[in-house]
Amino acid sequence: ELVLEAVHQNGNALLYAAVPLKADRELVLEAARQNCEALNYAAKPLKADRELMLEAVRQNGYALYAAADLLRADRELVLEAVRQNGNALCFAAEPLKADRELV
């Protein structure tokens, strides 16, 4: 509860959370809602969690930077990111950067 309150105020507080908490889906999502850069501190498996990353890019398209490579090639996820922030295209897999609908 203490860590949840900390990330609610400052998502980057996830940096100081215990390792098991960095794998807590709800905690990481709350941190990402506050500041997408908090995804830097999330456990690697969460960066490959499609639903979590979809929610994160809907909040801030820039969150695509933290997505696992497989998700950076996911057209729907990249489209959501680009709709929120056009600059997110720079984090997409190369083949998607040539997709007319995304560009």
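I take helices (H or I, at least four residues) and strands (E, at least two) as DSSP runs, numbered from the N terminus. By that rule I find K47 in helix α3, residues 44–47. The model is a predicted one, where local features need pLDDT of at least 70 and side-chain atom pairs count only at pLDDT 80 or more, while totals for chains, interfaces and linings use all residues. Residues are numbered from 1 along each chain as its sequence is written, and side-chain values use heavy atoms, with hydrogens and water left out.

**Entry on K47.** The K47 side chain does reach the backbone oxygen of L39, at 3.4 Å. Not counting residues up to four places away in sequence, K47 touches, among others, L39, M53 and L71 (contact means heavy atoms within 4.5 Å).

**Entry on the core.** L39 and M53 turn up again here: with L64, they touch the most other members of the largest nonpolar core, which has 36 residues (buried Ala, Val, Leu, Ile, Met, Phe, Trp, Tyr and Cys joined through side-chain atoms within 4.5 Å). I note that α2 (25–34), α4 and α6 each supply at least two residues of this core.

**Entry on α6.** In α6 (residues 75–84), I list L77, V78, L79, E80, A81 and V82 as buried, and their cover includes α4 (50–59) and α5 (69–72).

Methods. Buried means under 20% relative accessible area, exposed over 50%, partly exposed in between (1.4 Å probe, protein chains only). A polar contact is a pair of N or O atoms within 3.5 Å; within protein, one must be able to donate a hydrogen and the other to accept it, and residues adjacent in sequence count only if both atoms are side-chain atoms.
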